[in-house]
Amino acid sequence: MNPRTFHEGSSTDTEKRESFLNRVAESLKRPRRTEPVRRPDWKHTVHLDTLADRTPEQLVEILKEQCFFIHTQVIESTPALLQSTLDDLIDGYGGGPLIRSGDPRFTEYGLSFSGDFVWSEQAGRQENIRRAEAANIALVFADYTLAESGTVVLLSRPDQGRALHFLPAHYIAVIERKSIVPRSTQAMTDLNRRIESGEDIGSCINMISGPSNSADIEMQLVVGVHGPLRATYVLI
Amino acid sequence: MSMQTDKRDFDTRTADGIGDAFMRGAVGSAQDSLKTRRLTAATSLGDWERWRELGQQIRQHTLENLDYYLEQMADNVERRGGHVYFARTKEEASGYIRDVVQSKQATKVVKSKSMVTEEIEMNQVLMKAGCEVIESDLGEYILQEDDWDPPSHIVAPALHKNREQIRDVFASKLSYKGDETPEHLAGFARKVLREKFLEAEIGITGCNFAVANMGAINLVTNEGNGDLTAALPKTHIAVMGMERIVPTLEEMEVLDNLLCRSAVGQKLTSYITVMGPREEGESDGPEEFHLVIVDNGRSEILAGEFWEALQCIRCGACLNVCPVYRHIGGHAYGSIYPGPIGAVITPLLGGYDEYKELPYASSLCGACTDVCPVKIPLHEQLILHRQNIVSQGRTGAIDRAQMKAAGKLLSSPRMFRSTLRLANPMTKFMSKHGRVVRGPAPLSGWIGVRDMPQPVKERDGFRTWYENRTKKEGGRLP
């Protein structure tokens with residue numbers, strides 16, 4: 001049932017919306033603007049220029065340095081060594097339960113983990129969430145990686161839910177070097193281009209920079225609050 | 001909690017703040033640390049002034065076309081299967097949210113930190129309707145468990161509490177048995193709140209920015225509670241002040257960079273998320289998504305001389321550099337919006353009747369204006385408020401009489417001279433060792449906190465000395 005119908009004494013939705021927007025236009029002392037508004041040429045391009053001239057090798061160095069500040073371990077590996085790197089890492093985090101996304105790159109790199117649970121549409125909401133909550137480790141592939149801020153960007157899909165990134169105690173993201181861009185600018189520009197061209201990118205973009213943290217108690221940093229307690233990036 | 005956090009008068013509130021030695025120490029060290037972190041983050045980015053100008057331009061472009069972008073946002077949310085509610089007043093906003101919750105027959109609500117939900121008094125409305133409302137931000141949760149102690153900082157709401165106080169709150173309200181180590185306190189809260197996330201039927205968040213061409217909202221957080229609030233419950237209600245909107249992800253990116261660096265000195269916070277209603281095939285995320293767009297006085301602000309205050313992105317950088325905030329603390333402002341930006345917008349949202357003192361809680365040093373990432377002329381707006389307050393005759397009778405007398409005195413050289421002559425004999429019985437030590441208000445207020453030298457005798461005054469010296473030098477100016 002639509003809750004809006006409960007609203008006694010209020011005008012209908014459309015009228016409400018119209019009067020709200022008309023009021024905004026009145027405050028701006030002009031008629032309603034309904035024709036498409038073009039974004040102006042921004043007076044500066046600092047966001048586009050920052051780190052834009054760095055080589056891929058330099059970006060990797062920037063990423064590694066930043067990860068030190070966001071309490072995130074970086075392990076350099078190769079496609080050939082990836083399976084054993086991840087196995088060691090999973091052992092180091094105390095083993096499973098392990099939950100991972102259904103990213104096709106797991107198959108491409110020939111990865112398999114005994115006893116893992118794969119987030120999937122078929123499993124359904126309740127089971128996916130229950131498994132994520134019970135998991136010790138989450139394992140994912142980054143869609144974009146931002147060198148400057150040490151960020152992995154992940155899009156939600158049927159095989160990669162939102163809670164996957166937040167409920168497990170440990171978080172491992174595999175980063176392909178080719179996914180590394182200088183900073184948030186390039187990732188957001190590309191995503192906006194995809195949106196403008198009509199592509200469906202999923203309901204949620206997660207930009208994740210290390211484990212969860214809080215400084216709410218006496219401004220002292222606590223790493224690991226509601227989300228993961230530890231995070232590791234594996235670079236291939 | 002409503003916008004108003006304390007009904008006592010301004011003087012009582014500030015006296016309370018100044019008398020609270022722990023709070024002042026905590027605020028001082030938090031300011032020092034946040035100030036330094038912001039400066040380091042801004043410097044390392046480089047070209048900070050250009051970034052600020054870009055941020056200002058983006059905010060101003062969006063405000064100038066606000067009706068267009070809000071309509072685009074609403075259309076896109078609806079296209080994606082979400083609901084949009086335009087609320088003119090806070091009553092409409094919280095009433096709609098209550099109706100949504102009741103239509104789900106829900107009683108368990110979990111929320112992440114949001115200033116606008118405080119402004120619309122949503123928690124009271126929901127609790128009155130029989131809901132359990134859990135604040136999941138660690139700082140807000142501490143305050144909630146301490147019988148809804150008001151927040152004292154936009155970004156760090158529990159800044160005024162120390163670890164021992166927090167341990168005592170958890171021990172008495174939640175039977176916490178551990179010590180006062182922040183890791184242990186946070187770990188305990190994680191466990192308690194994890195349960196709350198999993199059983200919640202409704203998740204309520206604020207909105208850092210709405211992204212108009214997507215019909216999605218952007219949350220900028222560190223703890224991960226905002227994401228769990230939006231991912232786990234089947235219904236997600238996002239509440240936004242109507243000005244918190246950007247055209248696309250590209251502008252959001254610039255503002256998020258300014259926000260993170262200005263608020264906490266991070267390049268990006270741990271979690272920056274752009275989210276909308278769950279899509280076909282996705283397992284989690286809300287099955288029902290509501291966006292509540294709140295006016296509640298903002299259109300009046302947009303129409304008037306204070307419109308630039310709507311550029312605010314709620315980073316709190318102005319609080320962190322304010323010498324007045326440092327001494328009186330957040331609670332003294334009596335509003336959920338403290339500090340310089342609070343002193344500007346609280347009177348706009350709540351009126352001069354309740355908040356006419358706030359624009360005077362400033363030394364007009366302008367540090368807030370210099371630090372604002374979107375270039376709101378904060379101290380100039382405080383002066384504008386003061387002009388309005390004076391021209392509307394809202395200052396006290398004593399103030400008005402004093403200003404009138406001072407105006408007369410200072411515009412007449414003859415009166416000015418004779419006052420100077422009489423100042424010394426008139427203060428003779430109020431002074432000791434060359435200092436005025438007692439006197440009637442407003443003098444008593446001044447000498448209560450600072451020295452006031454007794455005015456010198458006329459023959460020792462500067463003018464007399466200068467005239468004599470000029471004579472001695474043969475009429476030549478030295």
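A reminder to myself before the record: UniProt positions are given in the numbering used here, feature names are shortened, and annotations may be inferred rather than shown by experiment.

**The record.** I looked up chain A, and the unreviewed UniProt entry puts "domain: LUD" on residues 96-236. In the model, which is predicted, that span of chain A is 20% helix and 29% strand. Its end C-alpha atoms lie 23 Å apart.

**Confidence.** I checked pLDDT for chain A next: the average is 93, and 95% of the residues score at least 70. Residues 1-9 of chain A are below 50, and I find ten contacts for this stretch beyond near neighbours in sequence.

**Chain B by itself.** I get 23 helices and twelve strands here. The C-alpha trace of chain B spans about 100 × 55 × 45 Å along its principal axes. Of its 478 residues, 52% count as buried. I also looked at contacts in chain B between residues at least 6 apart in sequence, and 74% of them join residues at least 24 apart.

**Where the chains touch.** I have 72 residues of chain A in contact with 80 residues of chain B. Which parts of chain A supply at least two residues each to that side? My list has helices H1 (13-27), H2 (46-49), H6 (124-134) and H7 (184-196), plus strands S9 (204-208) and S10 (213-214). H1(A) gives the most, with eight residues. By type, I note 30 nonpolar, 27 polar and 15 charged residues on the side of chain A that touches chain B.

**The sheet.** I traced an open sheet of eight strands with mixed pairing. Its order runs S8(A)-S5(A)-S6(A)-S9(A)-S9(B)-S6(B)-S5(B)-S8(B).

How do S9(A) and S9(B) pair, in the parallel or the antiparallel sense? I find antiparallel, over five bridges, with S9(B) covering residues 271-275.

On the chain B side, S5(B), residues 209-211, pairs with S8(B) in the parallel sense over two bridges. There, B:Ala210 stands opposite B:Ile245 in S8(B).

How values were computed. Residues are numbered from 1 along each chain as its sequence is written. Chains are lettered from A and ligands numbered from 1 in the order in which they are written. This is a predicted model: local features need pLDDT of at least 70, side-chain atom pairs count only at pLDDT 80 or more; totals for chains, interfaces and linings use all residues. Two residues are in contact if their C-beta atoms, placed from the backbone, lie within 7 Å. Helices (H or I, at least four residues) and strands (E, at least two) are DSSP runs, numbered from the N terminus. Ala, Val, Leu, Ile, Met, Phe, Trp, Tyr, Cys and Pro count as nonpolar, Asp, Glu, Lys and Arg as charged, and the others, Gly among them, as polar. Two strands pair if DSSP finds at least two bridges between them. A residue is buried if 20 or more other C-beta atoms lie within 10 Å of its own, exposed if 12 or fewer, and partly exposed in between; C-beta atoms are placed from the backbone. pLDDT is the predictor's confidence in each residue, from 0 to 100.
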